[in-house]
Structure formats: structure tokens, C-alpha cells
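Hello,

Here is the structure we talked about. Please open it first, then read the notes below with the model in view.

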Amino acid sequence: MTLVETFFNYDVLVASFPALMRGLLTTFLLGIAGIVFGVTAGLFISLVRLYAPKPFRLLAVFYIDIFRAAPVLVVLILIYYALPFLGIRFSSWTSAALALSIVMAAYSAEVFRSGIQSVPVGQFEAAAALGLPFIVTLRLVVLPQAMRIVIPPTTSNCVSMFKDTALASTVALPELLKEATDAQALHANPSPLIGAAIIYIICLWPMVRFVSLLEKRFQKEKVR
């Protein structure tokens, strides 16, 4: 067989296309769940780390350090295979979404912390001089400025999150890579894997370019 017949077999790609689309839908929903819950939890954890009483700050630091160091695959395996020994069982989809959210929260917390701390202290002092409560200062003064800083690294983390959804295949969740692997076995041809790779690139490349454009734009604003 030629290279094209082996890795870009048109008939195999067409036959496996519906399965790849089903997997893409699962990947998309899983990625969105991980991002929404992870980023939201990350913002909360960053605020705890910065402004909560010391025991809670130390707990937040411990959480961030542990889950930034732990591979997503290890977290996923612990949730899906280890928790049942404690009487806690989750479906494949819930386990994958939970693992991705936990890790995403750790990375997002560090990004938000960096963004918030980059806001000049004078902003807090000016808000206090105007009599604004601390919560209002955070919501209306500090966070809007910090968001401009955290958007590029957060978007980059989102790209990584979508790629990490492929790890859900280890718990038999039929996401894009799992469907491609099953189609490969069915047709005895690796073309579905190439098709899955192309789909990943088509979906994630615009986000990668978006990150670059944001970084260039913010860099120009800093120069001004």
C-alpha cells in the first residue's frame, strides 16, 4: 500500500467521519465543562490565596502546587479507579470533567493571582479613599484591569485543556481520540487517527492564533 492509501484513505475517512463527529461533540462538551468550572474555581482559589486568613491561604497554595505538579492522567485515574474504594463512584464523563476542572482550577488560580498582583497598589488605596468596600473594589476596579492581563495565558490554558480531553479515552469515554482509535481497529487502517489529528488542528489553531494576537496587542499597549 502507498502512503496515501495507508494514512489518508478516503473511503476509510468517509466511513469513520460520523464516529469522529460524535467524538468531537463529546470532546467539545468536556472541554467547555472543564474550562467553565476550572476558570471559575481558579478565580475563587486565587482570591482565597491572596486575601483569606492564613490557614486558608496555605491550603490554597497547597492545592495549587499539588495539582499543577500532578499530571491530568493521574488525577483522572485516581478519581475514576481509586474513589470507588471509598464508596464514591462517578461516570466516565463526570470523572473526566472533574479531573480537567480540578487541574484547570490550579493553573487558573496562579494566572489570576499574577494578574491581580500586577494591578498597582495605588488602585486599592484610591478606592479606599473613596470609601469603596473591599469587595466592590475587587469587582469594579481590580478585576477588570487584571482580566486584560490574564486573558492570553488563560486562553493558552484552554487550548491545553482541549488537548487533554484525549486522556478521557483511558476511562473508555468516547471522545474524539477514542472514536478514532475504535475506527482504526474496525477498518484496520490508521486514517481515522490522521482524521482526528486534522480535526484537532482545525479546531485549536484559531485559538492559538488568537493568543498570539492578544499578546501582541497588549504588548503594544504597554509600550504606549
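**What was found**

Leu 177 touches Ala 166, Ser 169, Leu 193 and Tyr 200, leaving aside residues up to four places away in sequence. Keep in mind that this is a predicted model.

Leu 177 belongs to helix H8, which covers residues 176–187. Gly 195 is 18 residues from Leu 177 in sequence, and the two C-alpha atoms are 9.9 Å apart in space.

Next, look at Thr 137 in helix H7, residues 134–164. Is Thr 137 buried or exposed? Thr 137 has 4% relative accessibility, and because the limit for buried is under 20%, Thr 137 counts as buried. With residues up to four places away in sequence left out, Thr 137 touches Phe 124, Ala 127, Leu 132 and Val 142.

Leu 25, Phe 28, Leu 29, Ile 32, Val 36, Phe 37 and Trp 93 make a nonpolar surface patch of about 670 Å². Which helix gives the most to the nonpolar patch? Helix H2, residues 10–51, does, with 6 residues.

Ile 32, one of the patch residues, lies in helix H2. Ile 32 has a relative accessible area of 35% and is partly exposed. A residue needs over 30% relative accessible area to be part of a patch, so Ile 32 passes that cut-off at 35%.

Regards

Key:
Residues are numbered from 1 along each chain as its sequence is written. This is a predicted model: local features need pLDDT of at least 70, side-chain atom pairs count only at pLDDT 80 or more; totals for chains, interfaces and linings use all residues. Side-chain values use heavy atoms; hydrogens and water are left out. Patches are made of residues with over 30% relative accessible area and no salt bridge: like charges are joined within 9 Å, nonpolar side chains (Val, Leu, Ile, Met, Phe, Trp, Tyr) within 5 Å. Accessible areas come from the Shrake-Rupley method with a 1.4 Å probe; for residues, only the protein chains shown count as cover. A salt bridge is a side-chain nitrogen of Lys or Arg within 4 Å of a carboxyl oxygen of Asp or Glu. Helices (H or I, at least four residues) and strands (E, at least two) are DSSP runs, numbered from the N terminus. Buried means under 20% relative accessible area, exposed over 50%, partly exposed in between (1.4 Å probe, protein chains only). Contact means heavy atoms within 4.5 Å.
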